[in-house]
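Student: I've got a model open and want to talk it through. Can you walk me around it?

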Amino acid sequence: MDCLVGIDLGSTSLKAVVYDPAGRVLAAAARPTERFHPDPAHPEWTVWQPEQIWGGTAAALREAVGRLDGARRIRGVAVTGMGMDGVPMDEKGRWLYPFISWLDPRTGPQLAWWQEHVGAEKTFAVGGNPLWAIHSALRILWMAEHEPQVLARTDKWLLIEDFLNFMLCGRRATDYSMASCTLLFDQRALGWSDEMLRASGIDRRLLADVHPSGTVLGEVSAAAAEATGLPAGTPVVLGGHDHLCGALPVGAFRPGVVLDVVGTWEIVSTTVPRPVLTPQVRETGLTVQAHVARGVHAAWASTPAAECLEWFRREYGAEAARQAASEGASDWDVLMRAAAASPPGAGGTVFLPHLSGSTCPVIDPDSMGTFAGLRSRTTRGDMLRAIVEGLDFQFLDILRAVERGLGTTASRLVAVGGATRNAFWMQSKADAVGKPIEAPEIEEATPLGAAMLAGIGVGVYRDLEDAYAHVRRPGRVWEPDAALAPRYAEAFEAYRRLYPALKDLHREIAGRTRS
């Protein structure tokens, strides 16, 4: 019986998942993604070691493949994962420097240079990217300044998924969605931008050739087969950026569907038929990039989300942990019970969830988290409910910015991620937004999306619609309580007034803490 393998390179784990053509998990294994701090003089520098990325993924593959019975035939494998992190490789396939992680802040000066010499407007008009220090081009510029001898020996700068594909089949290539993460890709031409290369001074020879997701790259080599347990000769197919792969098994590649990926960070994404690269879209903080689905683009925003709840749990959840231990429950259950006991509107408490700044619909790294409306009667449950509702309102604000900037209307909201297991949060979000939210019963949507691309590439599926028809799993739908609409409309307006009322004060505080 045929099966397909999806590999997901995440910031916390390296996953290998084997699926049957109906999207059911047959076997899975994972290894941790280990962070390294290579320089005691710069303790904030964070890297991934290529040998750990390859070794951990190979071990996870060996374990997962080893659990299959002999009747299973692996038809193809594809890789998905985080977007911007890359590694310099020489002509003989040796890595020359670790991956500079997206957690690493060292490229701040290169970002400032890019803002001055290239500019946010031109960058977005060509590549659809807001300017973040983590983009790949800025890592290459850092290398040119600080490790020029490494860059001189570099044949190709491979993004992290492309590195793994190279280790599997020896091919140096990338896909449109990954190339979109570099600042060097032209969204209209779907190729490397001569204009951005000239402006940055980056040599085109460093960049791998670009192909659509679903393209067959090559076959698992004998050496890779020995390391991973995959049969030699297994086709290796181009996957792509993780959240876009995660959109495939839930149908969020179709126009009008908005995908809400909810975890420590929240990504709100929708599909557009062409790249919308207007100043209005840029000013909302949206990213526009080529999709892993062929012939369309994605527009998306990302922002910290459950990080706010995790912060409250870490700093103020000791009592809940003790209560949970006495009940044999989880501390999250206790905390969400307390939040649910607070009335909608959280007793007048409002939370601005900008613990790590604001990314959309306002770009302001100096904005800060804030509780407003605290009184002596405010309870822990009120504060927790205010956090949840603040995250609901942040999502609604982003959703409206997406619709306004793109001139679209969300016809369907689909949620995936760890937060979909939090029934209180999901119901609260549906109530606050005033729209139904569906959470499909999909196991590991991101690697499944990669496996779907593998299946399309090798002919298990005719196309993406056929793949979706095979794997689709309708799930729970949270319907909004219409009776709460007036109350949430008032609370949302209070939430929207917080940022403009506080932005100057937050900028002043941020300036004092930096000095």
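Student: Ground rules before we start?

Tutor: This is a predicted model, so local features need pLDDT of at least 70 and side-chain atom pairs count only at pLDDT 80 or more, while totals for chains, interfaces and linings use all residues. Residues are numbered from 1 along each chain as its sequence is written, and side-chain values use heavy atoms, with hydrogens and water left out.

Student: OK. How many helices and strands does the protein have?

Tutor: There are 19 helices and 23 strands. They are DSSP runs numbered from the N terminus, with helices being H or I of at least four residues and strands E of at least two.

Student: Which residues have the most contacts inside the largest nonpolar core?

Tutor: Val5, Ile7, Phe163, Leu168 and Leu230, in a core of 41 residues. Helix H6 (residues 160-169) gives the largest share of this core, seven residues. A second, separate core has 39 residues, including Val281, Ala299, Tyr488 and Leu498. By nonpolar core I mean a set of buried Ala, Val, Leu, Ile, Met, Phe, Trp, Tyr and Cys residues joined through side-chain atoms within 4.5 Å. In soluble globular proteins, nonpolar side chains tend to be buried together.

Student: What does Ile7 touch?

Tutor: Leaving out residues up to four places away in sequence, Ile7 touches Lys15, Thr57, Leu61, Val77, Ala78, Val79, Thr80, Leu164 and Leu168.

Student: Switching to holes. How many cavities of 30 Å³ or more are there?

Tutor: Three, and the largest cavity holds about 80 Å³ of space. On a 1 Å grid over the protein atoms alone, a cavity is a set of points where a 1.4 Å probe fits but cannot get out, and a pocket is an open set with protein on both sides within 12 Å along at least five of seven lines; lining residues have an atom within 4 Å of a point. Grid points are joined across faces, edges and corners, and a volume is the space filled by probe spheres set on the points.

Student: Which residues line the largest cavity?

Tutor: Among them are Ser136, Trp157, Asp162, Thr182 and Trp192. Helix H4 (136-146) and strand E8 (156-159) are the elements that give two or more residues to the lining of the largest cavity.

Student: And the second largest pocket, which residues are closest to its centre?

Tutor: That pocket has about 340 Å³ of space. Of its 14 lining residues, Trp332, Gly418, Ala419, Asn422 and Trp425 are the closest to its centre. Helix H12 (306-316), helix H14 (331-341) and helix H16 (423-433) each supply at least two residues of the lining.

Student: What's the phi of Leu190?

Tutor: Leu190 has a positive phi of about 55° although it is not a glycine. Leu190 sits in the loop between strand E10 (185-186) and strand E11 (191-192).

Student: Then Ala346, is that residue buried or exposed?

Tutor: Ala346 is buried, because its relative accessible area is 0%. Ala346 also has a positive phi of about 55°, and its place is the loop between H14 and E19.

Student: Last one. What does Gln394 touch?

Tutor: Thr303, Pro304, Pro353, His354 and Tyr495, not counting residues up to four places away in sequence. Gln394 is in helix H15 (residues 380-406) and is buried, with a relative accessible area of 2%.

How values were computed:
Buried means under 20% relative accessible area, exposed over 50%, partly exposed in between (1.4 Å probe, protein chains only). Contact means heavy atoms within 4.5 Å.
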